[in-house]
Amino acid sequence: MVTMFAKHKVGDYGQWKRVYDEVQPLRKENGVTGASVYRDPSDPNLIIITHQFKDLNAATSFANSEDLKSAMAKAGVIGAPEFWFGKDIESTPN
């Protein structure tokens, strides 16, 4: 499994979250198998999202898709997002 990490600023978290929830079918169509949303504790408009995929090809394809770019613009993302990709190698319970 591969995780895509995305970090970006938004103009308004409420607006961003509404659009994020609306485009859930888009994520599923593009191979997202799981997701998490985080907010910076000192800046509620700085968002970090993780999306899990079966492989790197699916993850990079989604990150570069016009559908994602359009959804981010509609959601009020400010500036270019930062993306990182990692191959999941271990998860441990505490």
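Thr-3 is buried, with 6% relative accessible area. That counts as buried because the cut-off is under 20%. The model is predicted. Its protein chain averages a pLDDT of 95, and 100% of the residues score at least 70.

Thr-3 sits in strand β1, which spans residues 2-10. Among the elements of the chain, β1 has the highest mean pLDDT, 97. Helix α4 has the lowest, 94. The side chain of Thr-3 makes a polar contact of 2.8 Å with the side chain of Asp-88. Leaving out residues up to four places away in sequence, Thr-3 touches several others, including His-51, Trp-84 and Phe-85.

Now the charged pairs. Side chains of opposite charge can pair when their charged atoms come close. The whole structure holds four salt bridges. The table lists some of them.

| Salt bridge | N to O distance |
|---|---|
| Lys-9 and Asp-43 | 2.4 Å |
| Glu-22 and Lys-74 | 3.4 Å |
| Glu-66 and Lys-69 | 3.6 Å |

Lys-9 and Asp-43 form a salt bridge. This pair links distant parts of the chain, 34 residues apart: Lys-9 is in strand β1 and Asp-43 in strand β3. Lys-9 is partly exposed, at 34% relative accessible area.

Glu-22 pairs with Lys-74. This pair also links distant parts of the chain: helix α1 holds Glu-22, helix α4 holds Lys-74, and 52 residues separate them. Lys-74 is exposed, at 53% relative accessibility.

Glu-66 and Lys-69 both lie in helix α4. They are three residues apart, about one turn of the helix. Glu-66 is exposed at 57%, while Lys-69 is partly exposed at 43%.

Notes
Residues numbered from 1 in each chain as written. Predicted model: local features only at pLDDT ≥ 70, side-chain atom pairs only at ≥ 80, totals over all residues. Heavy atoms only, no water. Helix = DSSP H or I, 4+ residues; strand = E, 2+ residues; numbered from the N terminus. Buried < 20%, exposed > 50% of the residue type's maximum accessible area, 1.4 Å probe, protein only. Polar contact = N/O pair within 3.5 Å; in protein donor to acceptor, adjacent residues only side chain to side chain. Contact = heavy atoms within 4.5 Å. pLDDT = per-residue confidence, 0-100. Salt bridge = Lys/Arg side-chain N within 4 Å of Asp/Glu carboxyl O.
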